[in-house]
Amino acid sequence: MIRQSEHFPTESACLLQNAEAAPRQRLPRRAAYAVFKFFASVKLAVIVLLTLMVVLAAGTFVESYHGTDAARILIYQSPWFALVLVILGMNLAAAALDRLPWQKKHSGFVITHLGIILILVGSLMTQRMMIDGQMVIAEGETASKIALAGAPLLYLFSEDLNRDWLFELKKEPFAWHGRRQIGKEPLPFSLHLIADYPKARMTEEIEACADGPAAIQVSLHNSFVNEKRWLIENDPALGEIQVGPAKLKFAGELLKDTPAAAPAPDTGYLEFQFEKSRINIPLAANLKLPAKFTLNGTPYQATLERLLKHAVVQGAQLMEDKASAGDPPKNPAAELTLEGDGLRERHTVFAKFPDFPTLHGMKPSAAGVRIFYRLPDSSGPMAKSHELRFVRQAPSEENPSGLVYQIKTGEQIKNGNVRLSEEVSTGWMNLTFRADRFYPHAKIKKNFTPEPGLSTSENVFPAIKVELEKDGERREVWLREAAREKIKLGAGEFHLVYGQKQIPAGFRLELKDFRIENYPGTNNPASFESDVKLKDDAHGVVKETTISMNKPLAYRGFHIYQSGYSLQEGQPETSIFSVGRDPGVPVKYLGAIIVVGGIITMFYTRRFSLHSGKLP
Amino acid sequence: MKKSYQKPVARNQRAVLFISLFLVTGYWFLVSSPFSYASSKTSDILAAIPVQHEGRVKPFESFARESVLAVTGKETYDGRSATEVVWRWIAEPSVSSGRPMIPVAYKPFQREFSLSLIGGRASPEIVLNLPAFMDKAQAAFDRQSKKEMLSMEEKKRLEIYHHAFVFREIASGSVPGFIPNPEDPRIAWMPSQGMAAEEGEKALAQYFPVEKVTAAARSYSGLIQELRKNFDSEASQRAAESFRTHLSGLLDSRGISLDQKVLTTERMYNRLHPFAWAWKFYLASVLLGLAMLLFTKDFARASFIPGIRRLDFTPLLFFFAGFAIHFYGFYLRCVVAGRPPVTNMYESIIWVSWAVVLFSVILFAVYRARLIPMTSAAVATLALLIAESFPVVLAPTIAPLVPVLRSNLWLSVHVLTITLSYGAFALAWGLGHGVVFSFAFQPEKEETHRALSQYLYRALQIGVILLAAGTVLGGVWANYSWGRFWGWDPKETWALIALLGYLAVLHGRFAGWLSVFGTAVGSVVAFLGVLMAWYGVNFVLAQGLHSYGFGGGGLPYVAAAVLADLAVLGGAVVVYRSRKHEVGNFSSPKII
């Protein structure tokens, strides 16, 4: 019953058939007709469909094992995948044209094929004309450039030549090693790519060298803590670190022994957590109430009115419980007033219930502050100002390294000379420290190791290694994404940055406020949104609006979406917007509507019988 | 036509057989009632108390069920109701923390826990106090919070730690929340911990009249004492009642009103077990239908028992009862969740199996062939059984949505369309089996084949329309929410692959490469694409933006089921081929 051979009709078979159909036509026309018939064949459709299925399935597995970027580079954006889609498009078009002149029974099928072709055209437009990037904006800041995804760049600036260069790099699917020249035109230097890790883990190592700041490695040990840390003299990042309840510091000068004004027992402190800052106000035992404090860096001042040791509520009043007395306090509470900036709020803070809202009968503070009453035994960073400080002094006979330590416990300071491998007790929570290594001059050496494409670790970044050669001198350097590196080569200096290509957005976007709303009683975000102000200088437009998940801002063809956020301690809240412009979308939408319409038409008009395999 | 298939069995004999079958089914319904666990009056009272947990206010019973599942990995523990189990944890934390309730199935840990395992389970006390275990769990937790990739061992370790953690939270009285903050409904409710301690009482007195607070706290401690003595005593019942009254009195004193209707609906949903009932009805209708088939040889024609027409409708009666209760359960879940419940695997199986039945009802209305509802009832039974049998993997908990899904319109339109198409394809999968078996085992019935294959074609068409539309709508949603129409995300790619698979089968038929038998085989095999898009992406590939639905587990079962299905199909193909050689001259099919 099968009409043709079971094999796929080869071109010659088609030729033969068509030769019968049109014997008098000349060869080129016949060949063209054969090619057309080949593309119009349903069998080609089946083969293309099966091919697509296999390729796409492979793509999802590549993505599952090696990450999204690898799948895109290897499959979805590869030229041969585009070729399969082009064949599909030709197949669809030829199959429709082959049925000319169309009858009513063809309508569904023709409409559907037209729709799919439109979707393919839309995808082509997307691939050619789409802008897809990100704007990362911290609260209060304005951005006007879009960082394009998947367009890595190398920026190079030479100080002595006072010139800069930009090189576009290829995105690699996997970690790559080799030697590839960067830049085609003649350059006053030669530049090679040595390694390219789409995902690299950076580890830092401290090593001794000829010049540079001093460094010390300290081990800290008690039943909770067991760690080794490096401290570098006056270093912005590694000069001062917080370990547990204490501060570790390698400073240029000694702690001054400030005579304690009142060595009274510590009664704790009040902690004010504002959106961007945290202020601690110690409460001396002999504090006279009411006491006024200015909260530096904010427009507010606080007046502490009452401190209660054993607070109870009687009637609607907070009182000291007369039945309890002495120590320890049963329910310590503080009553205070926050004033300033046209606002006056009365807060009641319970030390043992830090999660209770402190405002009575009102919504959360209009000042955006959370207030805590920390007791002396609670181990906040300010509970007692513990500090372990190292200072380098002139070497002497009994202390050849010149390194001394200072342990500050509250107001007391204990000094000593640092000897390597000697355990010293700090006197806080059984914590001991030991200086393991000391380098008079040290530098940080960065190591990069490739990570699997699936890695989502926060410590993993794209990184490349380049080799720069000038006047016979050669240097290799690792470049982490978005981190500037400086290298000396011969007489001059080079600055290098490995980053994303950025294009001007054509507008400025200011992030005024970023908010997260959680599901009640949990830390799971229910929604997050950003208040933004868009300014277009060329068109004289100012727009203020709120962007949230599922509620983008559309402006002149751009769609600005809330795609993420970043909250890090000590840094302002940062919103991540994805910014895109895709001229293919309307075409794809149109195609999609037509496809669905076509299939529905087919449902009604096409009286196909699966059993006989024929259209009646 | 009917008469030609009638077997020479006496009419009254058939009736007796049928009625006894009917009675057996009825008995089985009664004994398998969902109220089979021992439920005491005390726990009935306590079950209704509203609590806040994981971002939602729910009856204590729902919280208890989720917690028992989260701690023990089973739906019931000790043969007691979940409410009772959890209240015993609260009342006697130290006793219960010594009981082996945490499943330790992972081999390397069985060595680590060695002797302290009882029946493959460890007690929360042991898990939380084993330094070797906890140190590594802490390290794994640190790595997780830095978004490092975790090894299998680390994942399993955190899983066990999570079991113990949930228990500790409950036993220490930190969850669930019983008392809302009258000033700010966004804040976590105050847990029982607060009522047990004097300080908590004092803090509460800031918000509520002091005498109400004292009364509530006293009734709470009274309840705990009674529960310790005897859970089921009348004194316990009175204490439970008093606690419930005082708690709601506390809330009333500040005018806090909770939506009682939703809470009652949720209680009803919990009690009714609508989906367990639905599959029983479906199964009963399939069994009755099959029993009737014993008396007639026709696979597709209308009347099952010629002569006893009055009983003909019984399978359909069960079928429509199942359909109705299935829908009612779905409606209840919608009311409780406040959204269309299609955001996790459990909910989507419930919905898809309902869609299977829905489409079969539509096709039944058009073609009047009872085989269609019987097929769909079989498919729905299978799906619902799976949904009800793997609570740990499929998570029947009603949970709040992640932000990206909080756009009800798009969520509903896109996801419902896609899952409806899965339903149509699942029906096609069932009908495909029907066609294959019909060809293999009754090759002479050309009429039947013609009818069956037409139903199959219609089911395929419905599926193709819905999957194409749903995939496109997904693109619309993605464009709206993520800023791109198509991003080769695994979920959308697999939806496309599934669609291409069915198109390939249909075009294979158009091209004459597939016979009608081959098309039926093809539409069964093409369902693998749907399975992959539906289950595989979340549970096998587990990559990409659709990660909110991701879970793990069950792969060996799914793989075994798929292979078994393919083996049966292969067997039918072999039978069909051999028969074709035997018979030789029956007309219909072209070569596969």
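**Before you start: confidence.** Keep in mind that this is a predicted model. Its scores are ipTM 0.83 and pTM 0.77. Colour chain B by pLDDT if you can: the mean is 82, and 86% of the residues in that chain reach 70 or more. Which helix of chain B has the lowest mean pLDDT among its elements? Select residues 11–31 and you have it: helix α1 of chain B, at 66. The highest mean belongs to helix α23 of chain B, residues 516–525, at 93.

Now select residues 1–9 of chain B, where pLDDT stays under 50. The model gives this stretch 15 contacts beyond four places in sequence. Residues 34–38 of chain B are also below 50, with 12 contacts beyond near neighbours in sequence.

**Stop one: an enclosed helix.** Stay in chain B and select residues 82–91, which make up helix α4. Is it mostly buried or exposed? Nine of its 10 residues are buried, so the rest of the structure largely encloses this helix.

Next, select F61(A), Y65(A), V540(B) and L555(B) together. These residues make a nonpolar surface patch of about 360 Å². Zoom in on F61(A), which sits in helix α3 of chain A, residues 42–66. F61(A) counts as partly exposed because its relative accessibility is 32%.

Over in chain A, select residues 525–536 (strand β29) and 541–548 (strand β30). The two strands run antiparallel and are joined by eight bridges. For a pair to look at, find S530(A), which stands opposite I547(A) in β30(A). Four residues lie between the strands of this hairpin, and in the turn G540(A) has a positive phi of about 60 degrees.

**Last stop: a loop residue.** Finally, click on E141(A), in the loop between β1 (131–138) and β2 (142–158) of chain A. What does E141(A) touch, leaving aside neighbours within four places in sequence? Its contacts are L509(A), E510(A) and L511(A). With a relative accessible area of 47%, E141(A) is partly exposed.

Notes. Residues are numbered from 1 along each chain as its sequence is written. Chains are lettered from A and ligands numbered from 1 in the order in which they are written. This is a predicted model: local features need pLDDT of at least 70, side-chain atom pairs count only at pLDDT 80 or more; totals for chains, interfaces and linings use all residues. Side-chain values use heavy atoms; hydrogens and water are left out. Patches are made of residues with over 30% relative accessible area and no salt bridge: like charges are joined within 9 Å, nonpolar side chains (Val, Leu, Ile, Met, Phe, Trp, Tyr) within 5 Å. Accessible areas come from the Shrake-Rupley method with a 1.4 Å probe; for residues, only the protein chains shown count as cover. A salt bridge is a side-chain nitrogen of Lys or Arg within 4 Å of a carboxyl oxygen of Asp or Glu. Buried means under 20% relative accessible area, exposed over 50%, partly exposed in between (1.4 Å probe, protein chains only). Two strands pair if DSSP finds at least two bridges between them. pLDDT is the predictor's confidence in each residue, from 0 to 100. Contact means heavy atoms within 4.5 Å.
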